[in-house]
Amino acid sequence: MNILYEDKEIIVVVKEPGVPVQSDKTKDKDMVNMLRNYVVDSKHGCERQKGIPFIGLVHRLDRPVGGVMVFAKTSDALKKLNKQITEGKVSKRYLAVVEAPNDENIVYENINEKQWIELEDYLLKDGRTNVSKVVKNDVKGAKKATLYYRILDIKENKIMLLDIKLITGRHHQIRVQMANNKMPLVGDTKYNPHCEKGQVMLYSYTLGFKHPRTNKQLEYRHIPIHGEFALFSYDNI
């Protein structure tokens, strides 16, 4: 397990793609239970509830998505980190490999200027199918979804590397919004009509938040090297 930071209150770890965050019907190994097993022998220890090591889930990543996550090791730390999430004070940056749109002039102009582009949509989740879609803002149950992206690079096979700032945290938000913007993620069989199989090329590479005890601003980063991510250079992020 790749631990980026640990103390008595929090543990920052890299989740591998394909690993569930918490237990589900597949019964596959999940992050919460793996961390419970890990902290039993950790020198930092953690809070226990009814004898079970406390691992608090602060935020989620879709099962196919890898990247940096923070978990709380005490109930007080969980409460404070959840408050930061609710108030929008946790910063999240993602890398995504997407299909390039048809207008290459726009693509290269954005690469040269490295400008951030805002995407704002309203999303509606279908709990029965576990799929979200873009709808009009007056649809009942629709939630506002906002992100910013910039194009970092494009390859000859028309795939691009995006740097994404996530502002809201909606269900499958990045995957849905980029597909709706005619730039579906490579490997995303759920939202990319051109894709029959593969690994979703989305990765949470930077996570920033304040330590729940010291209030010190922290930021952790991990660059992916699997799949199409390995085709790109990361010197300019």
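Which residue at the start of α1 has a side-chain oxygen that reaches to within 3.2 Å of the backbone nitrogen of V32? The residue is D30. The views below show a predicted model, in which local features need pLDDT of at least 70 and side-chain atom pairs count only at pLDDT 80 or more, while totals for chains, interfaces and linings use all residues. Residues are numbered from 1 along each chain as its sequence is written, and side-chain values use heavy atoms, with hydrogens and water left out.

**View 1. Helix α1 and its buried residues.** Helix α1 spans residues 31–40, and its buried residues are M31, V32, L35 and V39. Buried means under 20% relative accessible area, exposed over 50%, and partly exposed in between (1.4 Å probe, protein chains only). Because these residues cover an arc of only 95 degrees around the axis, they are on the same side of α1; the arc is that of the directions from the helix axis to the C-beta atoms. They pack against β1 (2–6), β2 (10–15), β4 (52–53) and β6 (66–72). Helices (H or I, at least four residues) and strands (E, at least two) are DSSP runs, numbered from the N terminus.

**View 2. The largest pocket.** The volume of the largest pocket is about 1300 Å³. Its lining comprises 42 residues, and R60, L61, D62, G169 and R170 are the closest to its centre. A pocket is an open set of points on a 1 Å grid where a 1.4 Å probe fits, with protein on both sides within 12 Å along at least five of seven lines; lining residues have an atom within 4 Å of a point. Strand β7 (91–99) is among the elements that each supply at least two lining residues, and β7 gives the most, with four. By class, the lining has 15 nonpolar, 13 polar and 14 charged residues.

**View 3. The surroundings of D188.** D188 lies in the loop between α4 and β12 and counts as buried, at 1% relative accessibility. The side chain of D188 makes a polar contact of 2.8 Å with the side chain of R175. A polar contact is a pair of N or O atoms within 3.5 Å; within protein, one must be able to donate a hydrogen and the other to accept it, and residues adjacent in sequence count only if both atoms are side-chain atoms.

**View 4. R93 in strand β7.** R93 is placed in strand β7. The side chains of R93 and D163 are joined by a polar contact of 2.7 Å.

Conventions
Contact means heavy atoms within 4.5 Å. Grid points are joined across faces, edges and corners, and a volume is the space filled by probe spheres set on the points. Ala, Val, Leu, Ile, Met, Phe, Trp, Tyr, Cys and Pro count as nonpolar, Asp, Glu, Lys and Arg as charged, and the others, Gly among them, as polar.
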